[in-house]
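Biologist: I have a structure open and want to read its side-chain features. Where do we begin?

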Amino acid sequence: MQPRNMSMSGVVDLAAVKAAGEAKAKAEQARAEAARQASQGGAPASAGAVPPSALVIDVDEAGFERDVIQLSAEVPVVLDFWAEWCQPCKQLSPLLERLTVEANGRLVLAKVDVDANQMLMQQFGIQGIPAVFAVVAGQVLPLFQGVAPEQEIRATLAQLVQVAEDRFGIIGLAVDPDAAPGGAGGAAAETAVPAGPYDALLEAAVVALDAGDLGGAVQAYKNVLADDPANTEAKLGLAQAELLARVKDMNPQAVRTAAAENPKDPAAQIAAADLDLVGGHVEDAFGRLVDTVRVTAGADRDAVRVRLLELFEVIGADDPRVAAARTALARVLF
């Protein structure tokens, strides 16, 4: 069942928000569906999933922007700088490959042959190999140099995954273990989610949205998610309904005046960002919250960051404005 074209009663531009949930929700649902199919003895049904072989790649200077920087908006990319003559590399690289595959799409390992990519080695300031870095939302993080015990490496990678999820809402790629190398398995058909027991609740939520009953819609979507946390349609609908509920009783002029007069007030900027997004000013909403993260700290900063991640879900991971905002957020956080 495909997500319905939910009515926002003319308040939100559906063309801007129809891809909501395609970051976290879509990946989570793909993993859940693949696991369900596998448990039933069938082939995983996610056409957008990648084969395990796609989780370990070789990169060079020419493809670094595409294969690492752009990809890091979807999944943390671990960089393994190595060389054929490096004996410690021959010990570390297979370990990194195994741990990456075990992470099941939450990491990608990009291997860089330093002999063939001297410029990258210089740009990263590498004095010796093996050297391991990570790129998350376009930002470079040094991890370790030399060979470390497996337990320490495993803990470091787990922390990297947690940072990507908590700070940027990045949970990685769906993996299809039966997919052909280099692409998704089977024909490029859309994932068909069987009709389930939630159709009535989802339909009730749509009816509530059309009637302006935002509280009823929010509750209906939450009821679905309580039993099926990976339900894409419910996640999408909940994000939209909650946004509409937040702005429903706002006085736009008062909200914008407060935001203009209090540029460091997180509550004022969050409210104004919600209005920006509902009005179709997506980049303004994102930019406002990134700027507020920059000038706040502690609990205030975290509240703004969390709201920004929520707005990312409303717009969708494939939107270039989300990718640009993730990179901007990373710059002010690190």
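Modeller: This is a predicted model. Start with the cysteines. Both Cys86 and Cys89 are buried.

Biologist: What do Cys86 and Cys89 form?

Modeller: Cys86 and Cys89 form a disulfide, with the sulfur atoms 2.4 Å apart. The cut-off is 2.5 Å, so the pair qualifies. The count for the structure comes to 1 disulfide.

Biologist: Which hand does the link of Cys86 and Cys89 have?

Modeller: Right-handed, with 80° about the S-S bond.

Biologist: Now the rings. How many aromatic pairs are there?

Modeller: The count is 5 aromatic pairs. One of them joins Phe64 and Phe124, 5.9 Å centre to centre with 75° between the planes. Planes over 60 degrees apart count as edge-to-face. The pair of Phe64 and Phe124 is edge-to-face.

Biologist: Which parts of the chain does the pair of Phe64 and Phe124 tie together?

Modeller: Phe64 lies in helix H3 (residues 64-70). Phe124 lies in the loop between helix H5 (118-123) and strand E4 (131-136). The pair therefore ties together parts that are 60 residues apart in sequence.

Biologist: Are Phe64 and Phe124 buried or exposed?

Modeller: Read the relative accessible area; under 20% means buried. Phe64 has 10%, so Phe64 is buried. Phe124 has 13%, so Phe124 is buried too. Phe124 has a further partner in Phe133: the ring centres are 5.1 Å apart and the planes are at 70°, so that pair is edge-to-face. Phe133 is buried, as is Phe124.

Biologist: Which residues form the aromatic cluster?

Modeller: Phe64, Phe81, Phe124 and Phe133 form one cluster. Over the ring of Trp82 lies the charged end of Lys111, 5.3 Å from the ring centre.

Biologist: How should I read the nonpolar cores?

Modeller: In soluble globular proteins, nonpolar side chains tend to be buried together. Here the largest nonpolar core has 53 residues. Val136, Ile153, Phe168, Leu277, Phe286 and Leu329 have the most contacts inside this core.

Biologist: What is Phe286 in contact with, leaving aside its neighbours within four places in sequence?

Modeller: The contacts of Phe286 include Leu277, Leu308, Leu311, Phe312 and Ile315. Arg321, Val322 and Ala325 are also in contact with Phe286. There is a second, separate core of 28 residues, and among them are Val50, Leu79, Ala110 and Met121.

Biologist: Last, the charged side chains. How many salt bridges does the structure hold?

Modeller: It holds 16 salt bridges. Check the N to O distance, then the exposure of each partner. Arg66 and Asp67 meet at 2.9 Å. Arg66 is exposed, with a relative accessible area of 52%.

Biologist: Where do Arg98 and Glu102 sit?

Modeller: Arg98 and Glu102 are 4 residues apart in helix H4 (residues 87-102), so about one helical turn separates them. Their closest N and O atoms are 3.4 Å apart in a salt bridge. Arg98 is partly exposed at 37% relative accessible area, and Glu102 is partly exposed at 44%.

Biologist: Which salt bridge links distant parts of the chain?

Modeller: The side chains of Arg106 and Glu165 meet at 3.8 Å, N to O. Arg106 is in the loop between H4 and strand E3 (108-113), and Glu165 is in helix H6 (residues 150-168), 59 residues apart. Arg106 is partly exposed, with a relative accessible area of 29%.

Biologist: Which residues do salt bridges with shared partners join into one network?

Modeller: Arg98, Glu102, Glu150 and Arg154.

Key:
Residues are numbered from 1 along each chain as its sequence is written. Side-chain values use heavy atoms; hydrogens and water are left out. Buried means under 20% relative accessible area, exposed over 50%, partly exposed in between (1.4 Å probe, protein chains only). Rings of Phe, Tyr and Trp (its six-membered ring) pair if their centres lie within 6.5 Å; planes under 30 degrees apart count as stacked, over 60 as edge-to-face and the rest as tilted. Helices (H or I, at least four residues) and strands (E, at least two) are DSSP runs, numbered from the N terminus. A charge sits over a ring if NZ of Lys or CZ of Arg is within 6 Å of the ring centre and within 35 degrees of the ring normal. A nonpolar core is a set of buried Ala, Val, Leu, Ile, Met, Phe, Trp, Tyr and Cys residues joined through side-chain atoms within 4.5 Å. Contact means heavy atoms within 4.5 Å. A salt bridge is a side-chain nitrogen of Lys or Arg within 4 Å of a carboxyl oxygen of Asp or Glu.
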